[in-house]
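I opened the notebook to go through this model entry by entry. These are my notes on what I looked up.

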Amino acid sequence: MADWLFTHSYLILAFPLLSFLVIGLFLQRVSPEKSARFALGTAFFSMLFGVAVSGAYYVKVLAQPLLYPERTLICFDVAWLNFTPILTANMGIYLDPISVMMILVITIISFLVTCYSIGYMKGDSGFGRFFALLSLFSFSMLGLVVSSNILQMFVFWELVGVSSYTLIGFWYEKPSAVAAAKKAFIITRFADAFFLLGILAVSFYVGSFDFQKLNSIETAALLNQSFQFGSFTINLLTLSTLLIFAGGWGKSAMFPLHVWLPDAMEGPTPVSSIIHSATMVVAGVYLTARMFPLFSQSLTTLWLIQCVGAFTALFAAVIAVTQRDIKRILAFSTLSQLGYMLFSLGAAQVIYPDVPGSGLNPLAYSASMYHVFTHAFFKCMLFLGAGAIIHAVHDNDILAMGGLKALMPKTYWSLLTACLAIGGIFPFSGFWSKDAILLASLQSGHYFTFMVGLFTGGLTAFYMFRFFFLIFHGKARSDLHNVHEDPWMTVPIMLLTIPTIGAGLLEQFFVSQVTLPGLQEISNFSHPSWLPVLASLTGLTGISLAWFFYGKGRLEKAESFKRDFRSLYNVVYNKFYIDEVYLFITRKIIFAGIGSPVKWIDRHIVDGAMNLCGEILQLGGRLVRFLQNGQLQFYLGITIIGFVSLLFLGK
Amino acid sequence: MNGPFLLTLIWVLPFIIALVTIPVHQENHLRIKVISLLGNFVNLILVILLTIQFIGVSNTSSTVQESNVSLFQYGYKVAWFTIMNIEYNIGVDAISVLMMLLTAIVIFCGIIASWEVEKQAKEFFILLNVLVAGVYGVFVSIDLFTLFLFYEIAVLPMYLLIGLWGTGRKEYAAMKLTLMLVAGSAFILAGILGLYFESGLNTFDLNQLSQVRFSDSFQYWAFPLVFLGFGVLGAIFPFHTWSPDGHASAPTAVSMLHAGVLMKLGGYGCLRVGMYLMPEGAHMWMNVFLVLVTINVLYGAFGAIRQTDLKYITAYSSVSHCGLVLFGFTAMTFTGLKGGVLQMISHGLMTALFFCLIGMVYGRTHTRTVSEMGGLMKVMPFLSIAFIIVGLAGLGLPSLSGFVAEANVFVGSFANPALINRVCSVLAVLSIVVTAVYVLRTVNSLVNGPIRKQYNTLIDASPLEKVPVIILLFCLFGMGILPGWIIELVNGAVHPIFNNLMR
């Protein structure tokens, strides 16, 4: 049974692909209703299969560590693109703890989001098309996580990019949506160019795309060579891992490439939900984890990953405090949480002086993956809840809401669990994974990162409960009529409370199983008992502050606070003006600084030179025409002169 | 079917179509078009047959990997002009077969796309068929003299086709295009005659010439002549300026054929005549040409960013993408050569579709200025989605042909560890970002956004118009998803050329 499941594991991908093709090519024109049902059915079977394969993987591989010490299984691998007789890119399915975890997350969330969309997108003119694109998105992301080699990952990576482009710009008549889609694609594409360079560099020196080969110790040793460039010394391992990481940098929207993510809110809310939880943005973290054995050989790379992650975690949380758009707050919170996942990976590097072992902390890796897992569910729910609210209120501004608790009780209680989870309150799932991350950075000796993580945790609790109180508590600040809860939408939201509350039970499983075999347990670390208490207290402080400022839906205190720090507030509210920097780069440098001059040079200098050649030829023609003037006397004269000169020359 | 006979039939058939069209009455447009369509449909079937047969034959030859002589199948040789030892010498290898397949697909689609031509339709289709005959002729020729002859047959009808049926500054564009290409031809002719006399063999046979070790001093001047001569047609910088003007003025089918197939003759000649016959010359000059084509790649992309006319955008993107063809060749590695060949095929399909769609859009909106359009998705979803897909193919999205070709080009260029190659590779890879910028900018302002009032009544593609679009989309996806068989074929043909290059 298990073997049958493994050989047919491609079916997990085949269902969404089938859904995309069938709906996209004809079903959407026949009947939008049937399209939705078809998409829901395929998403269900994909989920069923994903769960079955995960179960089989657990029974066959994880439970038998002697048979599978590496915990990996390649279900199939077929040659796809052959470059040279030795360098071939395959298409395969690669199962290991993190890919199986992602299969579970993606298939479950896709199913729930598809279900939710039936309610949310009702009456939209592109109802059928939406489900086709949603299926394509799930397919691409599933392909990405099961990739057996880095080129396959790049293929699906790009497909994820293009699916997000079509979904963010789903309402194609809305200029802001179209612009956001373009921005998302181009910024991630910019990062992808470096990713591609990294792939090319690695494949050239190693001669393979396969993860198993790339992550081996021999590869690291092979790449660990330095080049002298003038006064620079470049380590090839560092260079190539940084280039590959650049791809993840853009996809996971780390500072300063984060600007596309808040704008991507222009897409329909179910799309935001799936982008922020299961697909797209976690791809960058996933890539880092997938290539972790190689990345971890370069301390510079790990250090950079840690810095970028920690900085983005704090930076995004600060911005989130000031935002008013319900979805943008969540977008910045995603950025912040992605920062956690990345700095955790970077914090695997142990700088604590007397620690034996490989110098890498296995908990950091497990904690990061654990946070990917828990975050997916509560973030998905937050977005779905936000969508339900927008659907009911027809507004995005949280300052215009308030008092929704009585009108939307199911959403209220569900979102409360999610806010508690993301705020890191015991015993909700976010508490466990964040605790593991903080513990890992403490264990590895990164105290500064630990402090940043702890502080950001408090900030997170603050802005999430600001969000929560302003929406649900107090009196309604605008005219709310006809607010209701649609069961297509509330059922998925309520189902998501199960993992949001219960995923904490899996902590031991993640720490022991979702790890790399090469990393040894660091045994002389105890779990300091003050850490969970401290983390919880920080979270509770954030919540209390939020209650102090925004509890009961009052805004006066916050407003007066805002007035006192007006200039600072404006800088933060405008997201530190990073978008304006980008506008400057594209408009003034690329368009006006390069594009226009190239256009001008081409028309006037290059083409001018060609025209000059033509002019010179015409001039020559005119000179010859002067000789060929048709007057007999002139010809006769020339003939005589020529004859006479010949006579003289002949002598 | 008998191979050599099939080859001859394929290039003769367009001439026959042209001849059959002559007695048809001027006004009987339908008959003229149907003759062309049916004739080229038969030819398409013949070329597909040829390809299938060829796959069967090529699989049996395994010694190819070590050989440094191109293995032409279905060879047939008969003396033609004995004094100079010119022969009618034909045969095909995988590159020629694939190029012929590309030609057959593009011309078939092009004829459907020019169904609306009313003005002097008879002359239009006659010239179109003569042009195609020349293209097929180049691909089947082994004899350099006949190759050149067919090359000229292919290039010259373009002058009339653009000058008479074009739009805008058509006389200027036609004149410019023809003069620049003919100047290139002069270079080529000088190079070919040089090869003929220098070899001392008194032959124009490609394979015989390839085994001659020409002196370095000869190759030093002959190689750039040939490479630049063909390079003009491949839009090598700075001799690309005919391309924007020419493509912008040409009628739809001519743009399709010109960008889709004719520009490939340039790359084909650079590889087959330049690099295959003069490997040492190639080594001497490669860095110069590498820099030129890297400029091509970036410059074309940046040039496209600021254009406003759809055809100019596509023309500049062609400059960039054809630059990648030569970029693959100048990497001087096996994968690079292969990537160049794949890029020729991919770009051919892609630009043909691009120009085809532009023609259809222009036929409806009567403008090609991007900023004057918008929201076409609402009224013509079919054409708009096709436009998005071909745009994505242009920016190298995996699952479309562009990625397969570009991946090979980049892997190939990275396989050459010289510093200048590294620098140029990095620059060329970064060009994919610029490509994304202009493609998305064009697509967004064309199909997305609010629709203009005057376009509300436009209708989507008719069933006949859908045919070429679907065929070309099918090919783009086919090559992008299952590239295996094409790569196998190209491998076989590239090995001898590469081995000769490394001799």
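**Cis prolines.** I began in the loop between helix 9 (216-233) and helix 10 (242-249) of chain B, where I found B:Pro238. Helices here are DSSP runs of H or I with at least four residues, strands are E runs of at least two, and both are numbered from the N terminus. B:Phe237 and B:Pro238 are joined by a cis peptide bond, with omega about 0 degrees. I then went to chain A. The bond from A:Phe255 to A:Pro256 is cis, with omega near 0 degrees. A:Pro256 sits in the loop between helix 10 (236-251) and helix 11 (260-263) of chain A.

**Ground rules.** I noted that this is a predicted model, in which local features need pLDDT of at least 70, side-chain atom pairs count only at pLDDT 80 or more, and totals for chains, interfaces and linings use all residues. Residues are numbered from 1 along each chain as its sequence is written, while chains are lettered from A and ligands numbered from 1 in the order in which they are written.

**Confidence.** I looked up pLDDT, the predictor's confidence in each residue, from 0 to 100. Chain B has a mean of 88, with 99% of its residues at 70 or more. Chain A has a mean of 85, with 96% of its residues at 70 or more. In chain A, the lowest confidence is in helix 24 (residues 556-564), mean 75, and the highest is in helix 6 (residues 150-168), at 92. For the complex, the predictor gives an ipTM of 0.92 and a pTM of 0.91.

Most residues other than glycine have a negative phi, and most peptide bonds are trans. B:Tyr74 has a positive phi, near 55 degrees. B:Tyr74 lies in strand 1 of chain B. Is B:Tyr74 buried or exposed? B:Tyr74 is buried, because 20 other C-beta atoms lie within 10 Å. The cut-offs, with C-beta atoms placed from the backbone, are 20 or more other C-beta atoms within 10 Å for buried, 12 or fewer for exposed, and in between for partly exposed. B:Met332 also has a positive phi, about 60 degrees. I placed B:Met332 in the loop between helix 13 (310-330) and helix 14 of chain B. B:Met332 is buried, because it has 24 C-beta neighbours inside 10 Å.

I followed strand 1 (residues 73-81) into strand 2 (residues 86-92) of chain B; they pair antiparallel over 6 bridges. Pairing requires that DSSP finds at least two bridges between the strands. B:Gln73 stands opposite B:Val92 in strand 2 of chain B. The two strands form a hairpin with 4 residues between them, and B:Asn85 in the turn has a positive phi of about 60 degrees.

**Interface.** How many residues of chain B are in contact with chain A? I noted 39, against 35 residues of chain A. Contact means C-beta atoms, placed from the backbone, within 7 Å. Helix 18 of chain B gives the largest share of the chain B side, 9 residues. By class, that side has 28 nonpolar, 9 polar and 2 charged residues. Nonpolar covers Ala, Val, Leu, Ile, Met, Phe, Trp, Tyr, Cys and Pro; charged covers Asp, Glu, Lys and Arg; the others, Gly among them, are polar.

**Core.** The largest nonpolar core has 412 residues, and B:Leu98, B:Cys109, B:Cys356, B:Leu357 and B:Val490 touch the most other members. Such a core is a set of buried Ala, Val, Leu, Ile, Met, Phe, Trp, Tyr and Cys residues joined through C-beta atoms within 7 Å. Helix 17 (residues 362-393) of chain A gives the most to this core, 21 residues. I checked B:Cys356: leaving out residues up to four places away in sequence, its contacts include B:Cys109, B:Met256 and B:Leu472.

**B:Ala418.** I found B:Ala418 in the loop between helix 17 and helix 18 of chain B. B:Ala418 counts as partly exposed, because it has 13 C-beta neighbours inside 10 Å. The C-alpha atoms of B:Ala418 and B:Val261 are 32 Å apart.

**Chain A overall.** I logged 27 helices and 4 strands. Buried residues make up 54% of its 651 residues. The C-alpha atoms of chain A fill a box of roughly 120 × 65 × 55 Å along the principal axes.

Key. Contact = placed C-beta atoms within 7 Å.
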